[in-house]
Amino acid sequence: MARREDKLNRVFWPFYILAVIPAILCARAVQPTGWQWAAALAGFFILWPLGLFVLYIAAVFLLSLTVDKSKPVPENHPFFRRVGLSIVGYLCRLGRLRIHGEGWDKMPEGRFLLVSNHISNYDPIVTLWLLRKLDLAFVTKPENLRIPLAGGMIHMMNFLPIDRENPRRALETIHGASDLLTQDVVTMGIYPEGTRSKDGVLLPFHDAVFKIAKRAKVPILVAATEGTNHIHENFPLHHTDVTLTLLEVMDASTVAALSTKDIGAHVRALLEEKLGQHEPLSP
């Protein structure tokens, strides 16, 4: 089974590289000696990169304020996606995550609908980072688009809010997600449980979301997320190992032939087997 690991060792390198220039200029101007060199090194390794990082976050926050979230985003915006993914990488590094990918040989060609279990608010963050080359977007709760800084970024990254209390508006989101797939704008991801499971046990599925794949005539990639529910227990003293395992691809013809209820049942069985919540699937 193909594996992939992301240790996130390089996400802060730009801030250290940018810190070299003012450090050299200060050293030439002050010409430190003795303890001053120690202070200069401390400033180089801690203060300058930290200050640059804070300035970067402030700039991204101001940028997010310019986003009009009332307007749909029918295109992929590489600039906003790159900025958004940089924030995702920093969150993973600051959360002290060791991210692992399993089953990478199952990755389908072209666009698809990613379906996974949901056990932590970190799930989409980890998945976005591991699949950052696929232009991934999620169907998400409307509240997430109101989060300062993050809301504007994910809106420009083609995330779509779904109102589960209003069937008509939920169907509009399903159609919007399938259109983004059909037009080759992004790869879509969903959590069919609709919300995170606090104890890790799969919640009931909202099978209607599988209409996204049926309408767009794309495969469904089933994935299992593990370990993200332990981040809050380990942080900040310990690392957390998290894994995204690609379990199976349901090809487009299979998706078209099955009802959304049957698709949900099959996806659930795959996840229950992987997560140890059910008897193994019959051969």
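1. Some ground rules. This is a predicted model, in which local features need pLDDT of at least 70 and side-chain atom pairs count only at pLDDT 80 or more, while totals for chains, interfaces and linings use all residues. Residues are numbered from 1 along each chain as its sequence is written, and side-chain values use heavy atoms, with hydrogens and water left out.

2. How pockets are found: on a 1 Å grid over the protein atoms alone, a pocket is an open set of points where a 1.4 Å probe fits, with protein on both sides within 12 Å along at least five of seven lines, and lining residues have an atom within 4 Å of a point. Grid points are joined across faces, edges and corners, and a volume is the space filled by probe spheres set on the points. Helices (H or I, at least four residues) and strands (E, at least two) are DSSP runs, numbered from the N terminus.

3. The largest pocket holds about 800 Å³ of space. It is lined by 31 residues, and Asn121, Pro124, Thr140, Asn144 and Ile147 are the closest to its centre. Two or more lining residues come from each of α3 (78–94), α4 (123–130), β4 (136–140) and α5 (150–156). The largest share, four residues, belongs to α3. By class, this lining has 18 nonpolar, seven polar and six charged residues.

4. Back to the second largest pocket, with a volume of about 630 Å³. Its lining counts 23 residues, with Pro72, His155, Leu160, Pro161 and Thr173 nearest the centre. The elements giving two or more residues to this lining are β5 (160–161) and α6 (167–182). Here the largest share is six residues, from α6.

5. Do take a look at α4. How many of its residues are buried? Eight of eight, where buried means under 20% relative accessible area, exposed over 50% and partly exposed in between, with a 1.4 Å probe and protein chains only. Among them are Asp123, Trp129 and Leu130.

6. Asn117 sits in the loop between β3 (113–116) and α4. Asn117 counts as buried because its relative accessibility is 2%. A polar contact is a pair of N or O atoms within 3.5 Å; within protein, one must be able to donate a hydrogen and the other to accept it, and residues adjacent in sequence count only if both atoms are side-chain atoms. The side chain of Asn117 has such a contact with the side chain of Ser116 at 3.2 Å, and also reaches the backbone nitrogen of Thr225 at 2.7 Å. Setting aside neighbours within four places in sequence, Asn117 is in contact (heavy atoms within 4.5 Å) with residues including Asp123, Tyr191, Leu202 and Leu275.

7. Leu275 is partly exposed, at 22% relative accessible area. Its C-alpha atom is 9.3 Å from that of Leu202, 73 residues away along the chain.

8. On to salt bridges (a side-chain nitrogen of Lys or Arg within 4 Å of a carboxyl oxygen of Asp or Glu): the count by this rule is eight. Asp135 and Arg81 form one at 3.8 Å, N to O. That pair links distant parts of the chain, with Asp135 in the loop between α4 and β4 and Arg81 in helix α3, 54 residues apart. Asp135 is partly exposed at 21%, whereas Arg81 is buried at 4%.

9. Asp184 and Arg111 form another salt bridge, at 2.7 Å, N to O. Asp184 lies in the loop between α6 and β6 (187–190) and Arg111 in the loop between β2 (97–102) and β3, so the pair ties together parts that are 73 residues apart in sequence. Asp184 is exposed at 51%, and Arg111 is buried at 18%.

10. Lastly, Arg168 and Glu172 form a salt bridge with the closest N and O atoms 2.7 Å apart. Both lie in helix α6, four residues apart, about one turn of the helix. Arg168 counts as exposed at 55%, and Glu172 as partly exposed at 45%.

Note on methods
Nonpolar A, V, L, I, M, F, W, Y, C, P; charged D, E, K, R; others polar.
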